[in-house]
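Please look at the sequence and the structure shown here.

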Amino acid sequence: MSGCSSSKESYDRENNYGTGAGASIRVLLDEQNSGYNLLIKNPVYLKESKGSLALINSGNTLSISNKGNEINLDIEGKRFTGKDFLLAAAEPGTTIDYGGKPYRGALKIISDGNEIKIVNILSLEQYLKGVIPHEMPKGKGSEYYEALKAFTICARTYTILKLNENKDLFDVFSDTRDQVYGGCGLENDAMNKIVDDTRGQILTYDDKPAITLYSSTCGGYTEEAVNVFKKIDAPYLKGIKDGDSPYCSVSPKFTWTETFNEQTFVQRFISSGYLDDDKYSLSNVKANSFFKSGRINELELDFINNQSKIKSVKLYGNNIRYIIRTADNKSILESNNFDIKKDTYDKIIIKGKGYGHGVGLCQWGALEQSREGKTYEEILYFYYPGTSIESYND
């Protein structure tokens with residue numbers, strides 16, 4: 001570690017730290033409740049709002065802890081205390097490692113009550129280069145090129161909308177709560193070129209950024225947005241048939257099966273507060289209504305206990321996925337487009353179609369359309385009818 005003279009350099013979101021021109025985005029990477037150590041692999045400047053504090057060289061370990069509303073940073077016997085700090089790459093083209101992954105731009109360390117937030121600040125276009133490889137497969141040769149261009153425009157548009165929310169500490173999560181972002185570890189020249197080739201292009205409706213929701217596999221019919229996200233009722237998100245022979249039928253999740261033993265299935269409803277003990281068994285289950293897409297709108301389940309007391313539970317729409325979950329309990333149920341029955345061996349069997357909420361662009365459908373020769377414009381206008389592709393000033 002070597003000392004640095006103070007400077008007037010700010011580290012707000014408009015500072016790109018050598019990541020290139022354009023808008024910056026703040027990505028929440030992690031939230032820590034306790035202290036931890038960060039190994040510095042490439043030289044970084046340690047900064048605060050008033051300027052640079054120190055140059056931390058490779059091989060040093062930065063100890064980070066939270067005390068009240070302040071952060072303590074300890075390195076080589078020296079302590080820095082403040083509300084937040086920033087680590088910025090000291091050498092052009094180098095990255096900052098966190099959690100075993102390399103990141104471009106800068107890392108901001110923020111005290112937020114009892115938590116320490118780690119936020120990656122980088123340019124919008126560099127962020128997209130860390131999203132696309134995690135969200136879409138590269139494919140062989142150029143077979144998915146048009147789908148990747150279409151998806152990149154969706155991802156960029158989605159990001160612009162999140163930036164417009166003007167949140168205090170960060171703009172997007174790095175997981176499926178927004179878009180999966182993993183830094184630059186999976187970047188490759190082919191996908192980076194797609195981001196560069198579409199630079200500044202977004203999807204619009206009425207001259208405003210469109211709500212470019214998307215999911216993995218629609219299962220043959222995309223879902224109307226208002227059926228999943230009650231506050232979204234866009235005319236270009238009404239739900240469409242995914243081709244006469246579904247484009248997304250190539251997806252490994254086009255059809256799927258989940259099998260539960262009864263005890264496991266009942267436990268889901270105990271965990272979510274619908275049942276108060278494990279003395280119940282499933283006596284009857286039926287779908288009372290469906291959306292146009294074939295997904296279940298209302299699912300009714302009757303449970304009976306050892307005193308013949310019946311408890312009726314009704315689940316609705318996409319919430320069904322969050323209550324039932326997968327048999328291994330590792331994630332929410334693939335979709336709410338399924339048939340469900342209890343067999344003679346007290347197994348609950350769910351056979352379904354599709355993966356995700358189904359609104360907007362179907363990723364596997366887009367990939368197949370690209371393979372069949374459709375352009376990125378055709379793909380976007382298919383899944384978001386009535387929209388336009390325009391450029392924004394970054």
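**Briefing: turns, loops and a contact**

D207 sits in the loop between strand 15 (201–205) and strand 16 (208–209). The model is predicted. In it, D207 has a phi near 65 degrees, a positive value in a residue other than glycine.

**Loop residues with positive phi**

- Most residues other than glycine have a negative phi.
- D207 counts as exposed because its relative accessibility is 65%, and the cut-off for exposed is over 50%.
- D346 is not a glycine either, yet its phi is positive, at about 60 degrees.
- The loop that holds D346 runs between strand 22 (338–342) and strand 23 (347–353).
- D346 has 38% relative accessibility, so it counts as partly exposed.

- Strand 6 (residues 61–67) pairs with strand 7 (residues 70–75) in the antiparallel sense, over five bridges.
- N66 has I71 in strand 7 as its bridge partner.
- Two residues lie between strand 6 and strand 7 in this hairpin, and G68 in the turn has a positive phi of about 65 degrees.
- Strand 7 is also joined by five bridges to strand 8 (residues 78–82), and these two run antiparallel.
- D74 has R79 in strand 8 as its bridge partner.
- The hairpin of strand 7 and strand 8 has two residues between the strands, and E76 in the turn has a positive phi of about 50 degrees.

**A buried serine**

- S123 belongs to strand 13 (residues 115–123).
- S123 counts as buried because its relative accessibility is 2%, and buried means under 20%.
- The side chain of S123 reaches the backbone nitrogen of Q126 at 3.2 Å.

Conventions. Residues are numbered from 1 along each chain as its sequence is written. This is a predicted model: local features need pLDDT of at least 70, side-chain atom pairs count only at pLDDT 80 or more; totals for chains, interfaces and linings use all residues. Side-chain values use heavy atoms; hydrogens and water are left out. Two strands pair if DSSP finds at least two bridges between them. Helices (H or I, at least four residues) and strands (E, at least two) are DSSP runs, numbered from the N terminus. Buried means under 20% relative accessible area, exposed over 50%, partly exposed in between (1.4 Å probe, protein chains only). A polar contact is a pair of N or O atoms within 3.5 Å; within protein, one must be able to donate a hydrogen and the other to accept it, and residues adjacent in sequence count only if both atoms are side-chain atoms.
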